[in-house]
Amino acid sequence: MRTQAAIDADIRLRVRKSMLRFNTCGSVDDGKSTLIGRLLWESKALFDDQLAALEADSKKVGTRGNQIDYALLLDGLSAEREQGITIDVAYRFFSTERRNFIVADTPGHEQYTRNMVTGASTADLSLILVDARKGVLTQTRRHSFLVSLLGIRHVVLVVNKMDLVDYSAEVFQRIEAEYRTFATQLGLPALTCIPISAVNGDNVVERSTAMTWYTGPTLMGLLDDVEVDETRLQDQPMRLPVQWVNRPNADFRGFAGTLVAGRVRKGDAVRIQPSGRTTRVDRIVTADGDLEQAIVGQSITLTLTEEVDVSRGDLIVTANEPATVADQFEATIVWMSEAPLLPGRGYLLKVGARMVTATVNPLKYKINVNTFARIATTTLELNEIGVGNLELDRPIPFDPYATNRDTGGFILIDRLTNDTVGAGMLHFALRRAHNVQWQALDVNKAARALAKGQRACVLWFTGLSGAGKSTIANLVDQKLHSLQRHTYMLDGDNVRHGLNKDLGFTDADRVENIRRIAEVAKLMVDAGLIVATAFISPFRAERQMARALLADGEFIEVHIDTPLTVAETRDPKGLYKKARRGDLKNFTGIDSPYEAPERPEIRIDTTSVSPDEAAEVIVAYLQRRGLLQPG
């Protein structure tokens, strides 16, 4: 039994060691889980109960007879054990005398590419496994491309199962030569190739007696010696993303986070971004007491000499070497959702602790990860990778992903479901982000609305084709005009004759159609008008995007609620008949979805009220809200 003092001493030793994060990837059944299991076994990172469970599981569900099946230490899902493959990302911790390690065992199947990206996103080094019997495969190339894309600086080609090719030097040298040619084309960093047998332990920790022809390092020897990313980041300008404003009492206000680049000392001049305010560091506070200096990787709380405004998501940087601040970028996006990426749709973008709204517009191309060809596209499907422009609703500080993954990497989140749907890397700020600035006007929205004796707003009519949107909106427009209100009506068909005549009816085109309409409606509201928009606008996300462009109370969603069966019997343009025959594709309600509003300001049931009665209800709502009088 180890004493508590011995355990504490071991913990202190581990804390002082450097940390290497690495992942394993490659094709299916190349032995990734077996290799990591062997590393855990050899580094004595397993407890007695884990060893006992491993021995029992090896006999019960193992694939190696009565021998230990090291892969079972990683393949925890029942589906993984049944199929002998990795599905989820499995993380494990182990250590040697020189270093601590966190390893991510990532899936080999193409359908789990997003899981591989997740596991590799924080890695300093990537082990790319190849089965010596099969050589370099399509999935080997795919994962190598992703490793290059993610900016991993150390790559090791591990040729596994050498015992199954009689430890042949010729086989290893042929695979190494083929992969080095491919790696050169891809621009991978310095590459090391190691022949191993994970099952038997050859060249994993101890040098193999069966491969005396190999004179390079063992795998564990290389992992112990390779430079970690933190060493490089120490020489960069200081970056501290603020994760939490620490205010335990009136006498203390600190800004907590983990240093992701550089170092900081007491008295250093720092800049708060994106505001640009400068000040100095007063204290560097940690759980173990104040520090004179902190370096990359340390979790700290800074107090500042002046009371400047700092919020969660801000970036504290070296004063004379700040990050770039912009709201438009070129970026690479890895799409992780079953639903496609739709340019023009608003997604939440998270960089560090900062959350903003982002749209992809345009999407320039997607990348064939097998041939690296650039293919023109308007959307991305699950596991596809593309490059496009990002537009944010406000400026953010950033460094290019190639410089710092923490300040240049992001995730995309669906605004309605809160699901993570994509991940990406910021390349650079677009020049127009600096050249195009919003022009402040002396005559503002309030002044224009006051002159018209009303408050500006948007009446956003939504519903199925044939529901009666245009009919009711036109009647509302007439009634408001008779009350001498200043209005304008944007009708779906009319707009598609001009502004949006280049758009079709795919999901992506529908999103762009509504995005443009929302921007036009916003300008009309700025002109002080009451604007009616009559569009199907089938997706909640785009209606929410339109709402977000306007001030509180200016967006009034009017759901013209008509059952599909009723709308179809009306069919004033004969569109439902065409859609039923298959002559009209992507028709809402037939082969394209309509997402009904969940909490509209006004709901009109057209099966129980006439169009004229509906118009009266809407005008009465405006009067009750005081929108027909000056604000």
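Biologist: How many contacts beyond four places in sequence does the model have for residues 75-88?
Modeller: This is a predicted model, in which local features need pLDDT of at least 70 and side-chain atom pairs count only at pLDDT 80 or more, while totals for chains, interfaces and linings use all residues. Residues are numbered from 1 along each chain as its sequence is written, and side-chain values use heavy atoms, without hydrogens and water. Over residues 75-88 the pLDDT (the predictor's confidence in each residue, from 0 to 100) stays under 50; counting as contacts heavy atoms within 4.5 Å, the number beyond four places in sequence is 33.

Biologist: How far apart are the end C-alpha atoms of helix H7?
Modeller: Helices are DSSP runs of H or I, at least four residues long, and strands are E runs of at least two, numbered from the N terminus. H7 has 18 residues (169-186) and should span 26 Å, the expected span being 1.5 Å times one less than the number of residues. This agrees with the distance in the model, 25 Å.

Biologist: Within what arc do the buried residues of H7 fall?
Modeller: Buried means under 20% relative accessible area, exposed over 50% and partly exposed in between, with a 1.4 Å probe and protein chains only; the buried residues of H7 include Phe172, Ile175 and Tyr179. Seen down the axis, the directions to the C-beta atoms show that these buried residues line one face, since they fall within an arc of 160°.

Biologist: Which exposed residues does the opposite face of H7 carry?
Modeller: The buried residues of H7 are covered by elements including strand E4 (125-131) and helix H6 (138-149). Turned away from that buried side are Glu170, Thr184 and Gln185.
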